[in-house]
Amino acid sequence: MLLNSQQCDALRELGNIGAAHAATTLSTMLMTNIEMDVPDIKVIDISQVHQYVSDELAALVLFEINGEVSGGGYVLLHIPKNSVIRLTNAMLGMTEEERELTEMDESALLEIGNIMVSAFLDATAGLLNIIMLPSPPSLTIDMPHAAVQSILASEGFMDINEVVLFRTELRSDQHKIINNLFLLPNEPMLDEIVSMLENLLITASEPQDIT
Amino acid sequence: MSKEQPDPRTVIIGIGEYQIGKTPMSSIGLGSCIGLVLHSRAGGMGGMAHVMLPDSQGRGDRPGKFADTAVEILVTELAAAGCRTSQMMAKIAGGASMFKGFSGNLNIGERNADAVIAALNGRKIDLVGIEVGGTMGRTVTYYPELEGRMVIRSADGRIKEI
(Lines give C-alpha, C1' and ligand atoms only; values in the text may rest on other atoms or scores of the structure.)
Protein backbone atom coordinates (compact mmCIF):
# COMPACT_ATOMS: atom_id res chain seq x y z
CA MET A 1 0.00 0.00 0.00
CA LEU A 2 1.37 3.39 -1.01
CA LEU A 3 -0.64 5.43 1.51
CA ASN A 4 -2.51 4.82 4.76
CA SER A 5 -5.85 6.49 5.38
CA GLN A 6 -4.36 9.27 7.49
CA GLN A 7 -1.95 10.13 4.69
CA CYS A 8 -4.83 10.08 2.21
CA ASP A 9 -6.71 12.56 4.41
CA ALA A 10 -3.71 14.88 4.60
CA LEU A 11 -3.23 14.71 0.84
CA ARG A 12 -6.94 15.32 0.26
CA GLU A 13 -6.78 18.47 2.40
CA LEU A 14 -3.72 19.67 0.50
CA GLY A 15 -5.47 19.02 -2.81
CA ASN A 16 -8.59 20.76 -1.57
CA ILE A 17 -6.67 23.98 -1.00
CA GLY A 18 -4.93 23.74 -4.36
CA ALA A 19 -8.13 22.97 -6.24
CA ALA A 20 -9.99 25.79 -4.50
CA HIS A 21 -7.42 28.25 -5.87
CA ALA A 22 -7.71 26.73 -9.32
CA ALA A 23 -11.50 27.02 -9.07
CA THR A 24 -11.21 30.69 -8.13
CA THR A 25 -9.15 31.46 -11.22
CA LEU A 26 -11.62 29.58 -13.44
CA SER A 27 -14.47 31.44 -11.79
CA THR A 28 -12.77 34.77 -12.53
CA MET A 29 -12.08 33.87 -16.16
CA LEU A 30 -15.65 32.71 -16.80
CA MET A 31 -17.28 35.22 -14.46
CA THR A 32 -19.47 32.54 -12.97
CA ASN A 33 -19.67 30.32 -9.90
CA ILE A 34 -17.58 27.17 -9.93
CA GLU A 35 -18.69 24.17 -7.91
CA MET A 36 -16.01 21.88 -6.61
CA ASP A 37 -15.99 18.41 -5.07
CA VAL A 38 -13.70 17.17 -2.35
CA PRO A 39 -10.71 15.58 -4.08
CA ASP A 40 -11.06 11.91 -4.75
CA ILE A 41 -7.97 9.97 -3.70
CA LYS A 42 -7.64 6.30 -4.39
CA VAL A 43 -4.76 3.88 -4.38
CA ILE A 44 -5.48 1.49 -7.22
CA ASP A 45 -3.80 -1.31 -9.10
CA ILE A 46 -2.61 -0.27 -12.58
CA SER A 47 -4.85 -2.93 -14.13
CA GLN A 48 -7.90 -1.07 -12.75
CA VAL A 49 -7.10 2.40 -14.08
CA HIS A 50 -9.70 1.86 -16.84
CA GLN A 51 -12.44 1.83 -14.21
CA TYR A 52 -11.68 5.43 -13.29
CA VAL A 53 -10.33 6.94 -16.50
CA SER A 54 -12.20 6.30 -19.75
CA ASP A 55 -11.35 6.31 -23.45
CA GLU A 56 -13.95 8.98 -24.24
CA LEU A 57 -12.46 11.85 -26.19
CA ALA A 58 -11.39 14.87 -24.15
CA ALA A 59 -9.08 17.84 -24.22
CA LEU A 60 -6.02 16.99 -22.14
CA VAL A 61 -3.55 19.63 -21.00
CA LEU A 62 -0.45 18.14 -19.41
CA PHE A 63 2.15 19.85 -17.22
CA GLU A 64 5.28 18.49 -15.68
CA ILE A 65 5.91 19.62 -12.09
CA ASN A 66 9.23 21.41 -11.60
CA GLY A 67 10.73 23.15 -8.60
CA GLU A 68 11.96 22.40 -5.11
CA VAL A 69 10.62 18.92 -4.81
CA SER A 70 12.29 15.60 -5.38
CA GLY A 71 11.11 13.07 -7.89
CA GLY A 72 8.79 13.98 -10.70
CA GLY A 73 5.15 14.29 -11.40
CA TYR A 74 2.48 15.64 -13.68
CA VAL A 75 -0.71 17.63 -13.47
CA LEU A 76 -3.33 16.78 -16.08
CA LEU A 77 -6.32 18.99 -16.81
CA HIS A 78 -9.07 16.88 -18.35
CA ILE A 79 -12.01 18.53 -20.12
CA PRO A 80 -14.59 16.14 -21.61
CA LYS A 81 -15.26 16.81 -25.29
CA ASN A 82 -18.79 18.15 -24.79
CA SER A 83 -17.47 20.69 -22.27
CA VAL A 84 -14.57 21.90 -24.42
CA ILE A 85 -16.55 24.07 -26.83
CA ARG A 86 -18.75 25.46 -24.05
CA LEU A 87 -15.65 26.34 -22.04
CA THR A 88 -13.86 28.13 -24.87
CA ASN A 89 -17.12 29.78 -25.96
CA ALA A 90 -17.61 31.16 -22.46
CA MET A 91 -14.06 32.41 -22.45
CA LEU A 92 -14.02 33.84 -25.97
CA GLY A 93 -17.54 35.26 -25.82
CA MET A 94 -18.95 32.95 -28.52
CA THR A 95 -22.18 30.96 -28.57
CA GLU A 96 -22.06 28.55 -31.53
CA GLU A 97 -21.69 25.02 -30.13
CA GLU A 98 -21.80 23.06 -33.41
CA ARG A 99 -18.41 24.06 -34.70
CA GLU A 100 -14.96 22.60 -35.17
CA LEU A 101 -12.16 23.37 -32.73
CA THR A 102 -9.81 26.04 -34.06
CA GLU A 103 -6.40 27.36 -33.11
CA MET A 104 -8.21 29.96 -31.02
CA ASP A 105 -9.78 27.20 -28.95
CA GLU A 106 -6.42 25.50 -28.53
CA SER A 107 -4.78 28.72 -27.35
CA ALA A 108 -7.65 29.30 -24.96
CA LEU A 109 -7.34 25.76 -23.56
CA LEU A 110 -3.58 26.14 -23.04
CA GLU A 111 -4.15 29.49 -21.33
CA ILE A 112 -6.90 28.16 -19.07
CA GLY A 113 -4.66 25.23 -18.21
CA ASN A 114 -1.71 27.49 -17.46
CA ILE A 115 -3.66 29.75 -15.17
CA MET A 116 -5.53 27.00 -13.32
CA VAL A 117 -2.56 24.70 -12.86
CA SER A 118 -0.25 27.53 -11.77
CA ALA A 119 -2.81 28.49 -9.13
CA PHE A 120 -3.17 24.86 -8.07
CA LEU A 121 0.58 24.30 -7.70
CA ASP A 122 1.19 27.72 -6.08
CA ALA A 123 -1.35 27.10 -3.35
CA THR A 124 -0.18 23.53 -2.79
CA ALA A 125 3.48 24.48 -2.64
CA GLY A 126 2.72 27.52 -0.46
CA LEU A 127 1.23 25.29 2.20
CA LEU A 128 4.28 23.03 2.10
CA ASN A 129 6.55 26.06 2.08
CA ILE A 130 8.31 25.03 -1.11
CA ILE A 131 8.19 26.12 -4.75
CA MET A 132 6.44 24.09 -7.43
CA LEU A 133 6.18 25.35 -10.98
CA PRO A 134 4.40 23.92 -14.01
CA SER A 135 6.37 23.28 -17.20
CA PRO A 136 5.00 24.71 -20.45
CA PRO A 137 1.81 22.79 -21.24
CA SER A 138 1.22 20.17 -23.88
CA LEU A 139 -2.29 19.88 -25.33
CA THR A 140 -3.86 16.90 -27.02
CA ILE A 141 -7.42 15.95 -27.87
CA ASP A 142 -7.42 12.26 -27.17
CA MET A 143 -8.40 9.36 -24.90
CA PRO A 144 -7.78 10.11 -21.20
CA HIS A 145 -6.84 6.50 -20.41
CA ALA A 146 -4.20 6.57 -23.14
CA ALA A 147 -2.71 9.76 -21.68
CA VAL A 148 -2.66 8.53 -18.07
CA GLN A 149 -1.27 5.18 -19.19
CA SER A 150 1.52 6.91 -21.16
CA ILE A 151 2.45 8.93 -18.07
CA LEU A 152 2.51 5.85 -15.83
CA ALA A 153 4.79 4.03 -18.29
CA SER A 154 7.23 6.96 -18.53
CA GLU A 155 10.68 6.75 -16.99
CA GLY A 156 9.89 8.90 -13.98
CA PHE A 157 7.42 6.35 -12.73
CA MET A 158 9.78 3.39 -13.01
CA ASP A 159 8.07 0.11 -12.77
CA ILE A 160 4.92 0.57 -10.72
CA ASN A 161 2.06 -1.80 -9.90
CA GLU A 162 -0.06 0.67 -7.95
CA VAL A 163 -0.87 4.30 -8.49
CA VAL A 164 -2.37 7.07 -6.35
CA LEU A 165 -5.22 8.48 -8.38
CA PHE A 166 -5.90 12.03 -7.28
CA ARG A 167 -8.78 13.77 -9.01
CA THR A 168 -10.86 16.89 -8.34
CA GLU A 169 -13.91 17.82 -10.35
CA LEU A 170 -14.66 21.48 -11.06
CA ARG A 171 -18.03 22.40 -12.55
CA SER A 172 -19.85 25.39 -13.88
CA ASP A 173 -23.54 24.55 -13.72
CA GLN A 174 -24.40 27.77 -15.53
CA HIS A 175 -22.30 26.93 -18.59
CA LYS A 176 -22.64 23.13 -18.19
CA ILE A 177 -18.89 22.71 -18.09
CA ILE A 178 -17.08 19.93 -16.28
CA ASN A 179 -13.36 19.56 -15.90
CA ASN A 180 -11.08 17.42 -13.79
CA LEU A 181 -7.66 18.08 -12.35
CA PHE A 182 -5.47 15.02 -11.94
CA LEU A 183 -2.30 15.12 -9.87
CA LEU A 184 0.09 12.31 -10.76
CA PRO A 185 3.21 12.36 -8.59
CA ASN A 186 5.75 9.57 -8.90
CA GLU A 187 6.72 7.69 -5.76
CA PRO A 188 9.68 9.86 -4.64
CA MET A 189 7.57 13.02 -5.04
CA LEU A 190 4.60 11.46 -3.27
CA ASP A 191 6.84 10.32 -0.40
CA GLU A 192 8.32 13.78 -0.01
CA ILE A 193 4.94 15.54 -0.10
CA VAL A 194 3.49 13.09 2.43
CA SER A 195 6.43 13.49 4.81
CA MET A 196 6.18 17.29 4.54
CA LEU A 197 2.50 17.05 5.37
CA GLU A 198 3.22 14.82 8.36
CA ASN A 199 5.79 17.31 9.66
CA LEU A 200 3.25 20.11 9.29
CA LEU A 201 0.69 18.13 11.31
CA ILE A 202 3.22 17.36 14.06
CA THR A 203 4.26 21.01 14.31
CA ALA A 204 0.63 22.09 14.40
CA SER A 205 -0.23 19.68 17.20
CA GLU A 206 2.70 20.55 19.47
CA PRO A 207 1.68 22.34 22.66
CA GLN A 208 2.08 26.09 22.30
CA ASP A 209 4.51 27.86 24.61
CA ILE A 210 2.43 30.56 26.27
CA THR A 211 4.84 32.01 28.83
CA MET B 1 -19.99 -5.26 -39.15
CA SER B 2 -20.07 -1.52 -39.57
CA LYS B 3 -22.01 -0.79 -36.42
CA GLU B 4 -20.06 -2.30 -33.56
CA GLN B 5 -22.47 -3.95 -31.19
CA PRO B 6 -20.42 -4.50 -28.05
CA ASP B 7 -20.46 -8.18 -27.18
CA PRO B 8 -21.63 -8.47 -23.54
CA ARG B 9 -19.11 -11.24 -22.97
CA THR B 10 -16.19 -8.92 -23.75
CA VAL B 11 -13.49 -9.08 -21.08
CA ILE B 12 -11.45 -5.97 -20.36
CA ILE B 13 -7.72 -6.61 -20.23
CA GLY B 14 -6.31 -3.89 -17.97
CA ILE B 15 -2.76 -2.52 -17.96
CA GLY B 16 -0.31 -5.39 -17.44
CA GLU B 17 -2.97 -8.10 -17.63
CA TYR B 18 -3.40 -10.97 -20.10
CA GLN B 19 -5.92 -13.70 -20.80
CA ILE B 20 -6.50 -16.58 -23.17
CA GLY B 21 -9.83 -17.94 -24.34
CA LYS B 22 -12.55 -17.72 -26.95
CA THR B 23 -14.58 -14.73 -25.75
CA PRO B 24 -13.87 -11.22 -27.08
CA MET B 25 -11.19 -9.27 -25.23
CA SER B 26 -10.69 -5.52 -25.18
CA SER B 27 -8.13 -3.00 -23.95
CA ILE B 28 -9.31 0.58 -23.78
CA GLY B 29 -7.16 3.67 -24.31
CA LEU B 30 -3.79 2.26 -25.31
CA GLY B 31 -1.25 5.08 -25.37
CA SER B 32 2.35 3.88 -25.27
CA CYS B 33 1.10 0.42 -24.26
CA ILE B 34 0.75 -2.40 -26.79
CA GLY B 35 -2.27 -4.61 -27.27
CA LEU B 36 -0.70 -7.96 -28.20
CA VAL B 37 -2.86 -10.67 -29.72
CA LEU B 38 -1.71 -14.24 -30.27
CA HIS B 39 -4.34 -16.03 -32.29
CA SER B 40 -4.41 -19.74 -33.06
CA ARG B 41 -5.49 -20.47 -36.63
CA ALA B 42 -7.14 -23.64 -35.34
CA GLY B 43 -9.91 -23.72 -32.76
CA GLY B 44 -11.03 -20.09 -32.74
CA MET B 45 -9.09 -19.22 -29.66
CA GLY B 46 -6.17 -17.09 -28.62
CA GLY B 47 -4.90 -14.65 -26.07
CA MET B 48 -4.34 -10.97 -25.53
CA ALA B 49 -1.94 -9.01 -23.31
CA HIS B 50 -1.86 -5.30 -22.41
CA VAL B 51 1.90 -4.72 -22.48
CA MET B 52 3.18 -1.67 -20.59
CA LEU B 53 6.99 -1.90 -20.67
CA PRO B 54 9.59 -3.47 -22.98
CA ASP B 55 11.72 -5.54 -20.60
CA SER B 56 10.89 -7.62 -17.50
CA GLN B 57 14.55 -7.76 -16.44
CA GLY B 58 13.90 -11.21 -15.07
CA ARG B 59 10.78 -10.39 -13.09
CA GLY B 60 7.89 -12.77 -13.39
CA ASP B 61 5.15 -11.48 -11.07
CA ARG B 62 3.16 -9.77 -13.84
CA PRO B 63 3.94 -11.54 -17.09
CA GLY B 64 1.36 -9.58 -19.11
CA LYS B 65 3.06 -6.29 -18.29
CA PHE B 66 6.33 -6.74 -20.19
CA ALA B 67 6.95 -7.49 -23.88
CA ASP B 68 9.24 -10.47 -23.34
CA THR B 69 7.20 -12.21 -20.62
CA ALA B 70 3.86 -11.44 -22.31
CA VAL B 71 4.85 -13.30 -25.49
CA GLU B 72 6.19 -16.21 -23.41
CA ILE B 73 3.13 -16.55 -21.16
CA LEU B 74 0.67 -16.39 -24.07
CA VAL B 75 2.65 -19.02 -26.03
CA THR B 76 2.93 -21.26 -22.95
CA GLU B 77 -0.73 -21.02 -21.95
CA LEU B 78 -2.02 -21.44 -25.50
CA ALA B 79 0.25 -24.49 -25.93
CA ALA B 80 -1.13 -25.90 -22.67
CA ALA B 81 -4.63 -25.36 -24.08
CA GLY B 82 -3.71 -27.42 -27.15
CA CYS B 83 -2.60 -24.76 -29.67
CA ARG B 84 0.55 -25.38 -31.68
CA THR B 85 3.11 -22.60 -31.99
CA SER B 86 3.25 -23.18 -35.75
CA GLN B 87 -0.49 -22.39 -35.92
CA MET B 88 -0.14 -19.10 -34.04
CA MET B 89 -0.17 -15.65 -35.57
CA ALA B 90 0.30 -12.30 -33.89
CA LYS B 91 -1.28 -8.87 -34.20
CA ILE B 92 -0.19 -5.75 -32.37
CA ALA B 93 -1.57 -2.25 -31.92
CA GLY B 94 -0.60 0.74 -29.78
CA GLY B 95 2.83 2.14 -29.00
CA ALA B 96 1.85 5.76 -29.61
CA SER B 97 3.82 8.79 -28.47
CA MET B 98 1.20 11.19 -27.14
CA PHE B 99 3.24 13.93 -25.52
CA LYS B 100 6.44 15.40 -26.80
CA GLY B 101 8.95 17.67 -25.18
CA PHE B 102 8.86 16.41 -21.60
CA SER B 103 12.05 15.45 -19.81
CA GLY B 104 10.51 12.25 -18.43
CA ASN B 105 10.80 10.67 -21.88
CA LEU B 106 7.24 9.68 -22.57
CA ASN B 107 8.31 8.00 -25.80
CA ILE B 108 8.28 4.45 -24.51
CA GLY B 109 5.78 3.37 -27.18
CA GLU B 110 8.35 2.77 -29.87
CA ARG B 111 10.53 0.70 -27.53
CA ASN B 112 7.51 -1.34 -26.53
CA ALA B 113 6.67 -2.11 -30.16
CA ASP B 114 10.28 -3.04 -30.98
CA ALA B 115 10.50 -5.34 -27.94
CA VAL B 116 7.24 -7.13 -28.75
CA ILE B 117 8.32 -7.65 -32.38
CA ALA B 118 11.72 -8.98 -31.25
CA ALA B 119 10.09 -11.42 -28.82
CA LEU B 120 7.72 -12.67 -31.54
CA ASN B 121 10.65 -13.12 -33.94
CA GLY B 122 12.47 -15.05 -31.23
CA ARG B 123 9.57 -17.51 -31.10
CA LYS B 124 9.20 -17.51 -34.91
CA ILE B 125 5.59 -16.37 -34.73
CA ASP B 126 4.14 -14.66 -37.80
CA LEU B 127 3.25 -11.03 -37.25
CA VAL B 128 0.27 -10.64 -39.57
CA GLY B 129 -1.17 -7.32 -38.42
CA ILE B 130 0.51 -4.22 -37.09
CA GLU B 131 -0.87 -0.79 -36.24
CA VAL B 132 1.65 1.00 -34.04
CA GLY B 133 3.19 4.42 -33.53
CA GLY B 134 1.68 7.80 -34.23
CA THR B 135 0.43 10.19 -31.59
CA MET B 136 -3.10 8.94 -30.93
CA GLY B 137 -4.63 6.64 -28.34
CA ARG B 138 -6.38 3.47 -29.46
CA THR B 139 -9.03 1.12 -28.10
CA VAL B 140 -8.71 -2.44 -29.37
CA THR B 141 -11.02 -5.45 -29.34
CA TYR B 142 -10.00 -8.98 -30.30
CA TYR B 143 -12.53 -11.58 -31.46
CA PRO B 144 -11.03 -15.09 -31.22
CA GLU B 145 -14.12 -16.77 -32.63
CA LEU B 146 -14.28 -14.44 -35.65
CA GLU B 147 -11.01 -15.65 -37.16
CA GLY B 148 -9.01 -13.50 -34.81
CA ARG B 149 -10.28 -10.12 -35.99
CA MET B 150 -8.71 -7.23 -34.15
CA VAL B 151 -10.71 -4.01 -34.35
CA ILE B 152 -8.88 -0.79 -33.58
CA ARG B 153 -10.64 2.48 -32.83
CA SER B 154 -8.40 5.56 -32.82
CA ALA B 155 -8.97 8.73 -30.84
CA ASP B 156 -9.99 10.52 -34.06
CA GLY B 157 -12.86 8.05 -34.47
CA ARG B 158 -11.34 6.04 -37.31
CA ILE B 159 -11.93 2.30 -37.13
CA LYS B 160 -9.49 -0.13 -38.66
CA GLU B 161 -9.38 -3.88 -38.66
CA ILE B 162 -6.25 -6.00 -38.79
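1. Phe120(A) touches Gly18(A), Ala19(A), His21(A), Ala22(A), Val75(A) and Leu181(A), leaving out residues up to four places away in sequence; contact here requires that C-beta atoms, placed from the backbone, lie within 7 Å. The model is a predicted one, in which local features need pLDDT of at least 70 and side-chain atom pairs count only at pLDDT 80 or more, while totals for chains, interfaces and linings use all residues. Residues are numbered from 1 along each chain as its sequence is written, and chains are lettered from A and ligands numbered from 1 in the order in which they are written.

2. Phe120(A) and Val75(A) are also among the residues that touch the most other members of the largest nonpolar core, a set of 106 residues, together with Leu36(B), Val51(B), Ala70(B), Leu74(B) and Val116(B). Such a core joins buried Ala, Val, Leu, Ile, Met, Phe, Trp, Tyr and Cys residues through C-beta atoms within 7 Å, a residue being buried if 20 or more other C-beta atoms lie within 10 Å of its own. The element that gives the most to this core is α3(A), with 10 residues; helices (H or I, at least four residues) and strands (E, at least two) are DSSP runs, numbered from the N terminus.

3. Helix α2 (residues 81-92) of chain A and helix α3 (residues 103-128) of chain A have axes that come within 10 Å and cross at roughly 85°, the axes being lines fitted to C-alpha atoms over the stretch in contact, with angles from 0 to 180 degrees between N-to-C directions. The two helices, α2(A) and α3(A), are therefore roughly perpendicular to each other, a label that covers 65 to 115 degrees. On the α2(A) side the contact is made by Leu87(A), Thr88(A), Met91(A) and Leu92(A), which meet Met104(A), Asp105(A), Ala108(A), Leu109(A) and Ile112(A) in α3(A).

4. In chain B, five strands form an open sheet of mixed pairing in the order β2-β5-β4-β6-β7, where strands pair if DSSP finds at least two bridges between them. Because β2 (18-21) and β7 (126-132) of chain B each have a single partner strand, they stand at the edges, and one side of each is left without a neighbour in the sheet. The twist averages 10° from one strand to the next. β2(B) pairs with strand β5 (residues 45-51) of chain B in the antiparallel sense over four bridges, and Gln19(B) has Met48(B) in β5(B) as its bridge partner.

5. As for the interface, 28 residues of chain B are in contact with 27 residues of chain A.

How values were computed:
Parallel < 35°, antiparallel > 145°, perpendicular 65-115°, else oblique. Contact = placed C-beta atoms within 7 Å. Buried ≥ 20, exposed ≤ 12 C-beta atoms within 10 Å, placed from the backbone.
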